[in-house]
Amino acid sequence: MSLSLKDARVLVLGGSSGIGLAAAKAAAAAGARVTLASRSQDKVNAAVAEVGKGAVGVALDTTDDAATEAFFATHPEWDHIIVSVAAGKSAGLQALSMPEAYGNMNAKFWSAYKTARLATITPDGSLTLVSGFLSKRPGKDALLQGCINAALESLGRGLALSLAPVRVNTVSPGLIDTPIRASMPADKKKAMLDNIAASLPVKRIGQPEDVADAILMLMTNPFTTGSTLFVDGGGLVA
């Protein structure tokens, strides 16, 4: 039996683009009352207009402890929270500076940790984290990202116990075609995506909507918690 999202209060952290925006759209389409949060007010405003259906937005930098604490202190409890915050620059061991490394960990891991600690979620609600399959398939040019994703997945399992009966799960995407690669030259981006698609069992690149569908499944399945759902086109077995 799936739970209904009609009139559910859904918060999407990192909801102004990519997977977060797709999840916000899907939740709103299912009847939820959606709040988007992201650093840039302009991007939040654009995302709210795109989602429609009564969605609202707020500028929030989840790396700012005081701002994050104030946000959750002044907002009512939520039925569902999605944490889809990006880590930042991806680089190898020597190419990533220590301030950048600390910033990546703060943005993606500690944002999720703080949210779990500060937010009030209804007992039959859920918290869904977004990691990435580099947790299982690390790459030398994205070393820290793999570590952060693995830490998020471990956090999700632990939170399923700490926050019970609130359900906590993690979605771990493979390569998804999101605006994060918008700065790449179009021909190089197409060549990269085509090459990766050819290596996957599904023979295509993932879209944000593919991950959003998985997020909604975890939000509405009352018997799933402590799980990591890989949405990678078969990348783990390829």
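## Helix packing and backbone features of the model

T68 counts as buried, with a relative accessibility of 1%; buried means under 20% relative accessible area, exposed over 50%, and partly exposed in between, using a 1.4 Å probe on protein chains only. The model is predicted: local features need pLDDT of at least 70, side-chain atom pairs count only at pLDDT 80 or more, and totals for chains, interfaces and linings use all residues. Residues are numbered from 1 along each chain as its sequence is written, and side-chain values use heavy atoms, with hydrogens and water left out.

**Overall fold**

The protein chain contains 7 helices and 7 strands. Helices (H or I, at least four residues) and strands (E, at least two) are DSSP runs, numbered from the N terminus. In sequence order the elements read β-α-β-α-β-α-β-α-β-α-β-α-α-β. The radius of gyration is 17 Å, close to the 18 Å given by the globule rule for 238 residues, so the chain is as compact as a globular protein of that length. This radius is taken over C-alpha atoms, and the globule rule is 2.2 Å times the number of residues to the power 0.38. The C-alpha trace spans about 45 × 40 × 35 Å along its principal axes. Of the 238 residues, 47% count as buried. Among contacts with a separation of 6 or more, 69% join residues 24 or more positions apart; contact means heavy atoms within 4.5 Å.

**Two helix pairs**

Two packed helices are described by the angle between their axes and the distance between the axes. Here axes are lines fitted to C-alpha atoms, for helices over the stretch in contact, and angles run from 0 to 180 degrees between N-to-C directions.

Helix α3 (residues 65–73) carries T68. The axes of α3 and helix α4 (residues 98–118) come within 10 Å and cross at roughly 35°. Their crossing is right-handed; a crossing has this hand if the near helix is turned clockwise from the far one by less than a right angle, and is left-handed if anticlockwise. On the α3 side, D65, T68, E69 and F72 take part, and they meet K114, T115 and L118 of α4. These contact residues comprise 2 nonpolar, 2 polar and 3 charged. Ala, Val, Leu, Ile, Met, Phe, Trp, Tyr, Cys and Pro count as nonpolar, Asp, Glu, Lys and Arg as charged, and the others, Gly among them, as polar.

Leaving aside neighbours within four places in sequence, T68 contacts L60, D61, T62 and L118. A polar atom of the T68 side chain lies 3.5 Å from the backbone oxygen of T62.

Helix α1 (residues 18–29) and helix α2 (residues 41–51) pack at an angle of about 35°, and their axes are 10 Å apart. The crossing of α1 and α2 is right-handed. From α1, L21, A24, K25 and A28 meet A47, E50 and V51 in α2. That contact divides into 5 nonpolar, no polar and 2 charged residues.

**Loops and backbone geometry**

Most residues other than glycine have a negative phi, and most peptide bonds are trans. K53 is in the loop between α2 and β3 (56–59), and its phi is positive, near 55°. K203 is not a glycine either, yet has a positive phi of about 60°. K203 lies in the loop between α6 (186–199) and α7 (208–220). Not counting residues up to four places away in sequence, K203 touches A197 and A198.

A198 belongs to helix α6. Its C-alpha is 32 Å from that of E50, a residue 148 positions away in sequence.

A cis peptide bond runs from A164 to P165, with omega near 15°. P165 is in the loop between α5 (143–162) and β6 (167–173).

| Residue | Relative accessible area | Class |
|---|---|---|
| K53 | 61% | exposed |
| K203 | 55% | exposed |
| A198 | 49% | partly exposed |

How values were computed. A polar contact is a pair of N or O atoms within 3.5 Å; within protein, one must be able to donate a hydrogen and the other to accept it, and residues adjacent in sequence count only if both atoms are side-chain atoms.
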